[in-house]
Amino acid sequence: LAFMDSRVAYAELGLDWKSEHFRSDATLRYQYVELLQSSVGAYMPADFTADFNFRYSYRNRLDAGLNLNASSARRCVDGSFEDVPYFVDLGLFGNYSFKHGWSAWAHLGNLLCGEIQRHPGLVEKGPYITLGFTLSIK
């Protein structure tokens, strides 16, 4: 964790579309960062990030969809560490709602089999699956 004096300018575009069975949203962000001082071992934020989700809902019980998360490369300020490369994470997800607030969900990610580094040093290699249960208390 590093703190630096900097100037930041950014633009963000968010889109959302809904119909009876379909839902889609996208967020695109560009940011420009100018450092006023340098810090050892700090990473610049990504210049460009994008998130996209497309979901199909059937009778408020079954949801399935596609998601895409992407980021441009992040460079180390002083060059003491390797830069974090860009990534594109393409995934599928699903959710099935049972009675009494219970639901089961699954997410299959990194379908493009890339090396994803959301955080420096933590590399996700190859496809992955995440499973879970949810209890909604109303």
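Glu124 is partly exposed, at a relative accessible area of 26%. This is a predicted model, and that value is computed from it. The side chain of Glu124 meets that of Arg118 in a salt bridge, at 3.3 Å from N to O. Arg118 also counts as partly exposed, with 28% relative accessibility. Through shared partners, salt bridges join Asp89, Arg118 and Glu124 into one network.

In total the structure holds 5 salt bridges. Another of them pairs Arg29 with Glu12, with the closest N and O atoms 3.2 Å apart. Arg29 is partly exposed at 24%, and Glu12 is partly exposed at 49%.

Next, Asp63 and Arg55. They form a salt bridge whose closest N and O atoms are 3.7 Å apart. Which of the two is buried? Asp63 is, because its relative accessible area of 15% falls under the 20% cut-off. Arg55, at 33%, is partly exposed.

Both residues also belong to the lining of the largest pocket, which has a volume of about 170 Å³. Strand E2 (22-35) and strand E3 (48-58) are the elements that give two or more residues to that lining. Other lining residues include Lys18, Glu20, His21, Phe22 and Arg61. What is the lining by class? It has 6 charged, 4 polar and 1 nonpolar residues.

That is what I have.

Key: Residues numbered from 1 in each chain as written. Predicted model: local features only at pLDDT ≥ 70, side-chain atom pairs only at ≥ 80, totals over all residues. Heavy atoms only, no water. 1 Å grid on protein atoms, 1.4 Å probe; cavity = no way out; pocket = protein on both sides within 12 Å on 5 of 7 lines; lining within 4 Å. Points joined across faces, edges and corners; volume = space filled by probe spheres on them. Helix = DSSP H or I, 4+ residues; strand = E, 2+ residues; numbered from the N terminus. Nonpolar A, V, L, I, M, F, W, Y, C, P; charged D, E, K, R; others polar. Salt bridge = Lys/Arg side-chain N within 4 Å of Asp/Glu carboxyl O. Buried < 20%, exposed > 50% of the residue type's maximum accessible area, 1.4 Å probe, protein only.
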